[in-house]
Amino acid sequence: MLEKTKVAVLVSGGGTNLQAIIDAEKSGIIKDGEVVLVVSSSRKAYALQRAEKNGIKAVYAKNEEEILAALEEAGAELIVLAGFLKILSKDFIRKYENRIINIHPSLIPSFCGKGAYGLHVHEMALDYGVKVTGATVHYVNEIPDGGKIIAQKAVEIQDGDTPEILQKRVMEQAEWILLPRAVQQISAEIRKGKENDNN
Ligand code: GRF
């Protein structure tokens, strides 16, 4: 089999989704991809420490140009946005067409789009009064949270939920399960595609 698909993870914060991917590689859930690079838009992101603790190259990038340089140097083939808070330019997205995926903490098309990120997404769900929310993994295109949906998982909202309690449940019951599975699925597709090109 050809070498594993090279995965780069873009982060901005705590990195719990990155951690889920790292753990899934260790447990064998992800067997066709390997995280070769973590790039953060924030110097202080704990996600950088998670990467370093696991021997993964971890860099802070102050702009898109630096992100692109790091991706090229690493030979990244799949880019995972995991709590990444910057909006990528059209040029960037075109350069990695159908090779960028994102995890969003709601069931798209609910509670998504411009300004809907992090805890605010859960505040929107609670304010609206929905009984079910969840998470979505989707391809990234030029429309914020607008790309083709890859996977979704529903999570029940419970009486007394605060945004923080709900965020934790959505992470535990949906995000940290969906994202590693999607990384494995797409890494395998890319790896097989390279295999076929070689035959
Ligand atoms: C969380 O709100 C998560 O739902 C979203 O980004 C935020 C931070 O995630 N994907 P992480 O802990 O940095 O992975």
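This report looks at a ligand, the pocket around it and one loop of the protein.

The model is predicted, so local features need pLDDT of at least 70 and side-chain atom pairs count only at pLDDT 80 or more, while totals for chains, interfaces and linings use all residues. Residues are numbered from 1 along each chain as its sequence is written, and side-chain values use heavy atoms, with hydrogens and water left out.

**The ligand and its shell**

The residues around the ligand include G13, G14, G15, T16 and N17. Among the others are G83, Q167, M171 and E175. By class, the shell holds three nonpolar, eight polar and one charged residue. Here Ala, Val, Leu, Ile, Met, Phe, Trp, Tyr, Cys and Pro count as nonpolar, Asp, Glu, Lys and Arg as charged, and the others, Gly among them, as polar.

The table lists polar contacts (pairs of N or O atoms within 3.5 Å).

| Residue | Part of the residue | Distance to a ligand oxygen |
|---|---|---|
| T16 | N or O atom of the side chain | 2.6 Å |
| Q167 | polar side-chain atom | 2.8 Å |
| G14 | polar backbone atom | 3.5 Å |

Taken alone, the ligand exposes 360 Å², and the protein buries 90% of that. These areas come from the Shrake-Rupley method with a 1.4 Å probe.

Two elements give two or more residues to the shell: α1 (16-27) and α6 (163-198). The largest share, three residues, comes from α6. Helices (H or I, at least four residues) and strands (E, at least two) are DSSP runs, numbered from the N terminus.

**The pocket**

The ligand takes up the space of the largest pocket; more than half of its atoms lie within 2 Å of the pocket's grid points. A pocket is an open set of points on a 1 Å grid over the protein atoms alone, where a 1.4 Å probe fits, with protein on both sides within 12 Å along at least five of seven lines. About 790 Å³ of space lies in this pocket. Of its 36 lining residues, the closest to the centre are G83, F84, L85, N102 and Y117. A lining residue has an atom within 4 Å of a point. The lining has 15 nonpolar, 16 polar and five charged residues.

**A loop with two backbone features**

P109 lies in the loop between β5 and α5 (119-128). The peptide bond from I108 to P109 is cis, with omega near 15°. F111 is found in the loop between β5 and α5 too. Phi of F111 is near 50°, a positive value in a residue other than glycine.

Key. A residue is near a molecule or strand if one of its heavy atoms lies within 4 Å of it. A polar contact is a pair of N or O atoms within 3.5 Å; within protein, one must be able to donate a hydrogen and the other to accept it, and residues adjacent in sequence count only if both atoms are side-chain atoms. Grid points are joined across faces, edges and corners, and a volume is the space filled by probe spheres set on the points.
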